[in-house]
Structures are given as structure tokens and as C-alpha cells.
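Here is a friendly walk through a protein model, written for someone who likes to know what sits behind each value. Please keep the viewer open while you read.

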Amino acid sequence: MKKSIFKNLIAVTICAVLFAGFSSCSKKSSSDPTPSNGRNAKFTVTVTGAPASAYLSFVMVGLTNDPKDATVWKVNGVVQNNESSVSLSKNNFSGNTKTYVIESVKPLTTVSVGIQCLNVEDSPYKVSYKAEINGEVKNDEKDFTVTKTADFTHDYTY
């Protein structure tokens with residue numbers, strides 16, 4: 001008798017969990033953006049006053065619906081042929097150019113950004129990062145000061 005009550009209790013519990021799981025699933029509304037539509041991305045990165053020993057890494061990766069389509073970015077207005085990612089490092093910011101604008105040239109289904117700015121010296125420097133997806137500002141970090149004890153490290157998926 002105790003075994004059949006226990007079996008019934010387990011069966012009822014499993015049914016309740018399954019019912020709750022299926023009822024919590026809902027269809028997306030038509031206003032939700034879907035990855036198949038893609039999105040346009042624009043990133044603005046500025047680094048000022050970075051010492052020679054600073055570690056800087058900005059990586060933007062984008063994919064379209066067609067995996068063979070690798071030309072998806074332009075940097076400061078120049079299309080990056082056959083490149084699905086853009087990578088900027090300390091060398092990119094050591095000359096006259098301190099600001100880079102990275103834009104998608106076609107709608108992207110996947111957009112990922114990795115940033116790491118470190119400092120080992122007592123000489124602080126500033127980093128600004130702005131992300132716009134479909135014209136809407138998603139992140140806007142202005143003049144973050146990177147020091148020995150305060151790094152600027154982020155991973156974003158849009």
C-alpha cells in the first residue's frame with residue numbers, strides 16, 4: 001500500500017512539473033527582434049594617455065545568416081574585406097588615431113565584444129566605449145580611468 005501511494009505521489013509531482021514547464025513557454029510577440037532579422041551594430045572606442053606598458057584589447061565579432069559571409073565590418077569608414085572580427089590593441093592607439101568607430105556593413109545575427117584594458121604602471125589612462133545596436137545606445141562608458149587597481153574588462157553579447 002505504501003509503495004502505491006509513493007508511486008502515485010511521484011507521478012503527480014512529475015506531471016505537475018511538466019505542466020508548469022510547458023505552460024511557462026510562450027510564443028514571442030511580433031515586436032521582439034529575432035536573430036534571423038539581424039541587427040546593425042556600431043561601436044566607438046577611445047583610448048587616451050595609455051603608457052607603453054598598457055595592455056589593450058578590443059575584439060568585435062559578428063556573424064550574418066550566411067556563415068560564408070565574412071565581410072561584416074568597417075573601421076573608421078574602411079570596409080574590412082573577408083573579416084568577421086575586428087581586433088584593436090595597444091599598437092592601434094599609439095599613433096595619431098585615438099578613436100575608432102567600428103560599424104557593421106550588414107545586419108548581424110550574432111554580435112559579441114570582448115574588452116580588456118590593464119595597467120601595470122602608476123600612470124593612469126582613460127578608456128571610453130560606446131555600443132549602439134539598431135541605433136539604440138546599449139553601453140556608454142565615458143572616460144573610465146584605468147589604474148593598477150582598476151581595470152576595464154568586459155564581455156558583451158548583443
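## Ground rules and confidence

This is a predicted model, in which local features need pLDDT of at least 70 and side-chain atom pairs count only at pLDDT 80 or more, while totals for chains, interfaces and linings use all residues. Residues are numbered from 1 along each chain as its sequence is written, and side-chain values use heavy atoms, with hydrogens and water left out.

Let us begin with pLDDT, the predictor's confidence in each residue on a scale from 0 to 100. The protein averages 83, and 77% of the residues score at least 70. Confidence is lowest in helix 1 (residues 2–24), with a mean of 41, and highest in strand 6, at 98. A contact here means heavy atoms within 4.5 Å.

## Overall make-up

The protein holds 2 helices and 10 strands. Both kinds of element are DSSP runs numbered from the N terminus: helices are H or I with at least four residues, and strands are E with at least two. Read from the N terminus, the order is α-β-β-β-β-β-α-β-β-β-β-β. Among contacts between residues at least 6 apart in sequence, 71% join residues at least 24 apart. Of the 158 residues, 30% count as buried; buried means under 20% relative accessible area, exposed means over 50%, and partly exposed lies in between (1.4 Å probe, protein chains only).

## Two open sheets

Strands count as paired if DSSP finds at least two bridges between them. Val61 has Ser112 in strand 7 as its bridge partner.

The other open sheet has 6 strands in the order 4-3-6-1-8-9, and its pairing is antiparallel. Strand 4 (78–80) and strand 9 are the edge strands, each pairing on one side only. With direction ignored, neighbouring strands of this sheet are turned by 15 degrees against each other on average. Strand 1 and strand 6 pair in the antiparallel sense over 5 bridges, and the partner of Lys42 in strand 6 is Glu103.

## The nonpolar core

A nonpolar core is a set of buried Ala, Val, Leu, Ile, Met, Phe, Trp, Tyr and Cys residues joined through side-chain atoms within 4.5 Å. The largest one has 31 residues, and Phe43, Phe58, Trp73, Ile102 and Tyr129 have the most contacts inside it. Elements that give two or more residues include strand 1 (41–48), strand 3 (73–75), strand 6 (99–104) and strand 8 (125–133). Strand 8 gives the largest share, 5 residues.

Not counting residues up to four places away in sequence, its contacts include Val45, Val86, Leu88, Phe93, Ile115 and Val127.

Is Asn119 buried or exposed? Asn119 counts as buried because its relative accessibility is 6%. This residue sits in the loop between strand 7 and strand 8.

| Backbone atom | Distance to a polar side-chain atom of Asn119 |
|---|---|
| Nitrogen of Glu121 | 3.0 Å |
| Oxygen of Val146 | 3.3 Å |

Leaving aside neighbours within four places in sequence, Asn119 also touches Pro51, Pro124 and Tyr125, among others.

Finally, Asn134, in the loop between strand 8 and strand 9 (136–146), has a positive phi near 50 degrees without being a glycine. Asn134 is partly exposed, at 47% relative accessible area. Asp143 lies in strand 9 and has a positive phi of about 50 degrees, although it is not a glycine. Asp143 is partly exposed, with a relative accessible area of 48%.

How values were computed. A polar contact is a pair of N or O atoms within 3.5 Å; within protein, one must be able to donate a hydrogen and the other to accept it, and residues adjacent in sequence count only if both atoms are side-chain atoms. Axes are lines fitted to C-alpha atoms, for helices over the stretch in contact, and angles run from 0 to 180 degrees between N-to-C directions.
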